[in-house]
Amino acid sequence: MIRLGLIGYPISASVSPKIHHAALKEAGLEGEYKLYTIHPNDIQGLKNLLAKVRTDEIDGLNVTIPHKQNVIPLVDELSYTAATIGAVNTIVLEDGKLIGHNTDAPGFWNDLQELLGQKEVQNQNALILGSGGAARAVVYALLDAGWNITLATRKADIPQAENLISDFATRNTQYAKKLSNIELKMATLSPLLSSLSLIVNATPVGMKSHHAGTPWPKELPFPSHAALYDLIYTPSETQFMQDAKNARLATRNGLGMLIGQALLSFEIWTGKKVSTEKIEKFIMK
Ligand code: NAP
């Protein structure tokens with residue numbers, strides 16, 4: 001019996017249990033995946049739960065908002081990816097040590113290949129909208145593959161974007177040359193358009209019952225040679241994706257990333273690989 005779970009707040013609407021229960025079934029393992037709702041300020045609650053991983057009462061945990069950073073001082077080691085991104089989404093006990101991993105970045109990268117196909121990616125230019133937690137994972141994945149990245153944020157978020165760049169530059173000086181940031185508005189985006197191969201929406205704008213509309217400035221045309229990856233997966237097609245599709249851009253939503261990161265966590269805990277397609281069919285039912 002393998003005992004897994006998710007720490008976060010709020011998490012009652014999470015689809016992770018559905019994905020992991022399907023993965024357990026597919027891998028032929030008996031197990032459970034529980035939701036552990038821990039209030040944003042409840043660091044003792046986090047410590048108590050991690051103690052259960054140390055004593056093998058829990059075999060593996062996923063971590064989501066708002067605890068992806070909070071668990072960092074509570075684990076013994078971070079993978080290089082988790083340390084560079086500055087966020088942990090997977091915890092496991094390895095040789096008596098609590099290790100924090102981040103599978104969001106490879107989950108995104110693997111799924112991005114479905115959108116880009118065999119396109120050359122070295123030194124291509126990507127525009128990422130937003131500079132929060134998910135943007136950090138996207139930045140890591142793209143930098144690792146050789147992309148140049150511009151972060152576009154609301155004016156108020158420019159310091160957040162600058163912090164992201166400075167954190168990555170501190171980790172690896174080569175990253176600094178590949179990262180820049182601008183304000184998300186027509187005048188600053190216009191000159192970039194012709195150079196872009198990829199746009200990634202890492203803001204919550206367009207999410208079901210959250211934020212209506214699109215983060216793309218109203219009068220701004222879409223770059224003709226770019227593809228759009230929207231991290232949002234509910235709705236399955238955001239207004240942003242619809243508008244980009246109308247302008248003949250290839251688009252993809254974040255469902256594949258969601259399933260991909262989950263299955264990479266599952267592999268870390270169980271050593272079993274489960275195919276994304278099998279779980280996707282199950283989730284779409
Ligand atoms: P986050 O840490 O809150 O970051 C969101 C970013 O978007 C912040 O920079 C935020 O700025 C900015 N933002 C908010 N409203 C905006 C607006 N109206 N216009 C422009 N920027 C705005 O959230 P996150 O964890 O990065 O998640 C971002 C999105 O990715 C969510 O929709 C989430 O569901 C999705 N996601 C998907 C996956 C997946 O597996 N597919 C994984 C992770 C996240 P402020 O900080 O100022 O609000």
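Helix α10, in this predicted model, comprises residues 255-270, helices (H or I, at least four residues) and strands (E, at least two) being DSSP runs numbered from the N terminus. Its 16 residues reach 22 Å from the first C-alpha to the last, close to the 22 Å expected at 1.5 Å a residue, the expected span being 1.5 Å times one less than the number of residues. Of these 16 residues, 13 are buried (under 20% relative accessible area, with a 1.4 Å probe and protein chains only). Glycine 271, with a positive phi near 75 degrees, follows α10. Residues are numbered from 1 along each chain as its sequence is written. Local features need pLDDT of at least 70, and totals for linings use all residues.

The largest pocket holds about 1,700 Å³ of space. A pocket is an open set of points on a 1 Å grid over the protein atoms alone, where a 1.4 Å probe fits, with protein on both sides within 12 Å along at least five of seven lines; lining residues have an atom within 4 Å of a point. A volume is the space filled by probe spheres set on the points. Of the 47 lining residues, Thr64, Ile65, Ala134, Met207 and Tyr233 lie nearest the centre of the largest pocket. Helix α10 provides the largest share of this lining, three residues.

The second largest pocket has a volume of about 300 Å³. Among its 16 lining residues, Asn110, Gly260, Leu263, Ser275 and Thr276 are the closest to its centre. Two or more residues each come from α4 (104-116), α10 and α11 (276-284), and α10 gives the most, with five.

How values were computed: Predicted model: local features only at pLDDT ≥ 70, side-chain atom pairs only at ≥ 80, totals over all residues. Heavy atoms only, no water. Buried < 20%, exposed > 50% of the residue type's maximum accessible area, 1.4 Å probe, protein only.
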